Amino acid sequence: MNGKGKRRLKHGDGEPRDPTPYLGVVEDVIEAVPHDPLSRQFLLIDAVREDEFIRDSASAAESPDSLALVRIMSTPKRLNDMFGLAEVRPGNWLSFELDNSGGIPRAWEMRASENYASRRSRSVRGMRRIEASDGAARTSDGDLLTKLIDAAILQAKDSKRESAADAIEQIGVGGQIEIVVLDVGQASANLIRRDGQPIGFFDLGSPLWFNRGSFPIKYGLPALPSGFVILSHWDFDHFELGRRNAPYHQLRWFAPDQPVGLNTARFQKQLGHRLTFIDGPAAGGGFRMSRGISKVQNDRNGTGYLLRYEAEGKTALLTADASYDNIDPTMLSGVSRLTIPHHGAASTILPPPAVPTSRAVASFGLPNKYRHPDPQTLADHASQKWRIEATAAFGGRTRGNKMLFP
């Protein structure tokens with residue numbers, strides 16, 4: 001027994017650890033392979049220690065010792081049988097505990113205090129969904145959920161709110177534009193150059209721990225003493241390279257205002273006044289920005305930004321993670337260069353037919369835990385006459401940066 005009368009559990013690396021209670025929002029769900037009984041589902045959760053948050057929510061939201069990303073491996077059936085959790089989806093808030101009992105489901109913590117490196121796996125206990133209040137009735141869960149959402153919003157209180165025209169103005173006009181899809185492994189980052197000089201990024205991601213093996217062994221970071229980062233949406237694999245490299249914090253950041261967890265909100269606070277939340281469509285200098293048209297609640301991918309550039313009879317579209325059915329058809333019209341949505345993930349939506357001299361670039365890394373790219377997705381692009389390139393070594397293709405435009 002320890003001094004508090006609780007049994008302390010031994011961690012696998014010799015470090016004594018008490019059970020750790022967490023509150024968190026589901027960032028991503030990687031579904032199990034259908035009809036494969038050995039396949040597992042993965043949940044990525046943006047989490048904060050429940051005890052610390054209840055004690056002092058403002059302090060916990062800022063403290064790297066209280067924050068972690070948690071990756072849980074299970075099956076939908078087990079989550080339902082053990083915890084009564086059916087159909088866990090992005091945007092769901094959960095309460096759960098990790099301990100070292102050795103049981104299943106298994107989970108891996110990536111603590112903010114350790115820059116989101118991973119420890120050995122632990123066991124998941126007592127998981128439940130945090131439900132909102134029903135109408136006028138107030139519940140403890142409803143109050144807790146409001147407190148969690150408010151804590152994330154307050155972290156970014158120093159950020160400005162403008163129209164997307166502010167980002168278009170930052171890009172500027174004139175010169176010879178080049179757009180390069182960067183090889184950042186299982187993530188997304190795109191460099192924009194004018195007359196051969198880097199001026200900014202559309203997305204600036206790198207893989208989290210469980211996909212780190214896909215990141216290039218040798219990687220030279222483009223130097224930008226000034227410039228911009230436009231984020232399509234607030235997923236770690238679209239901003240993690242920018243978060244990890246402090247010089248990029250000094251750039252001007254533009255992003256949609258989307259619901260986020262406390263780990264993402266902490267990074268938003270670090271950016272402070274350099275972060276501008278933007279909304280609406282905008283156009284100028286050959287560029288056009290528009291948000292995805294998804295109506296699904298908490299769909300960051302489908303409500304994120306897309307960036308289109310048109311010059312000299314060629315048109316490029318950076319789709320980020322928005323599926324084709326969530327893209328305004330006018331953004332797809334006449335496109336001859338595009339990034340394949342969501343790293344080549346499985347999709348039931350056919351791409352638009354290619355126009356002459358077209359190319360489609362898939363940004364993904366190997367190996368990865370997301371099962372990207374989906375062979376049928378690539379086959380669908382080939383059937384629509386797109387010439388497919390990839391940032392990973394795949395199907396005889398060489399890994400590396402890929403020129404999207406011109």
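## Overall make-up

The chain holds ten helices and 23 strands; both are DSSP runs numbered from the N terminus, helices being H or I with at least four residues and strands E with at least two. This is a predicted model, in which local features need pLDDT of at least 70 and side-chain atom pairs count only at pLDDT 80 or more, while totals for chains, interfaces and linings use all residues. Residues are numbered from 1 along each chain as its sequence is written, and side-chain values use heavy atoms, with hydrogens and water left out.

Along the principal axes, the C-alpha atoms of the chain fill a box of roughly 75 × 45 × 45 Å. The radius of gyration of the chain is 22 Å, which agrees with the value near 22 Å for a compact globule of 406 residues; it is taken over C-alpha atoms, and the globule rule is 2.2 Å times the number of residues to the power 0.38.

## Burial and contacts

Of the 406 residues, 56% are buried. Buried means under 20% relative accessible area, exposed over 50%, and partly exposed in between (1.4 Å probe, protein chains only). The chain exposes about 17,400 Å², and carbon and sulfur atoms supply 52% of this area; accessible areas come from the Shrake-Rupley method with a 1.4 Å probe, and for residues only the protein chains shown count as cover.

Among contacts with a separation of 6 or more, 64% are between residues 24 or more positions apart. Contact means heavy atoms within 4.5 Å.

## The barrel

Six strands form a closed barrel with antiparallel pairing, in the order β3-β4-β5-β7-β8-β6. Two strands pair if DSSP finds at least two bridges between them. Neighbouring strands here are turned by 45° against each other on average, direction ignored; axes are lines fitted to C-alpha atoms, for helices over the stretch in contact, and angles run from 0 to 180 degrees between N-to-C directions.

Strand β3 (residues 20–30) pairs with β6 (residues 93–99) in the antiparallel sense over six bridges, and Gly24 stands opposite Leu94 in β6. Helix α3 (residues 76–83) packs on this sheet and touches β4 (41–49), β5 (67–74) and β8 (122–129), its direction making about 70° with that of β8.

## The open sheet

A sheet of seven strands is open, has mixed pairing and runs β16-β17-β18-β19-β20-β21-β22. Its edges are β16 (282–284) and β22 (388–390); each has a single partner strand, so one side of each is left without a neighbour in the sheet.

Arg337 in β20 is the bridge partner of Ala316.

## Helix α7

Eight of the ten residues of helix α7 (residues 262–271) are buried; among them are Leu262, Phe267 and Leu271. The helix is followed by Gly272, with a positive phi near 55°.

## Backbone exceptions

Most residues other than glycine have a negative phi, and most peptide bonds are trans. Asp195, in the loop between β11 (189–194) and β12 (197–204), has a positive phi of about 50° although it is not a glycine. Asp195 is exposed, at 53% relative accessible area. Arg371 also is not a glycine and has a positive phi, about 65°; this residue is partly exposed, at 36%.

Arg371 lies in the loop between β21 and α10. Pro367 lies in the loop between β21 (359–362) and α10 (375–383), and a cis peptide bond with omega about -5° joins Leu366 to Pro367. A cis bond also runs from Phe405 to Pro406, with omega near 10°; Pro406 is in the segment after β23 (402–405).
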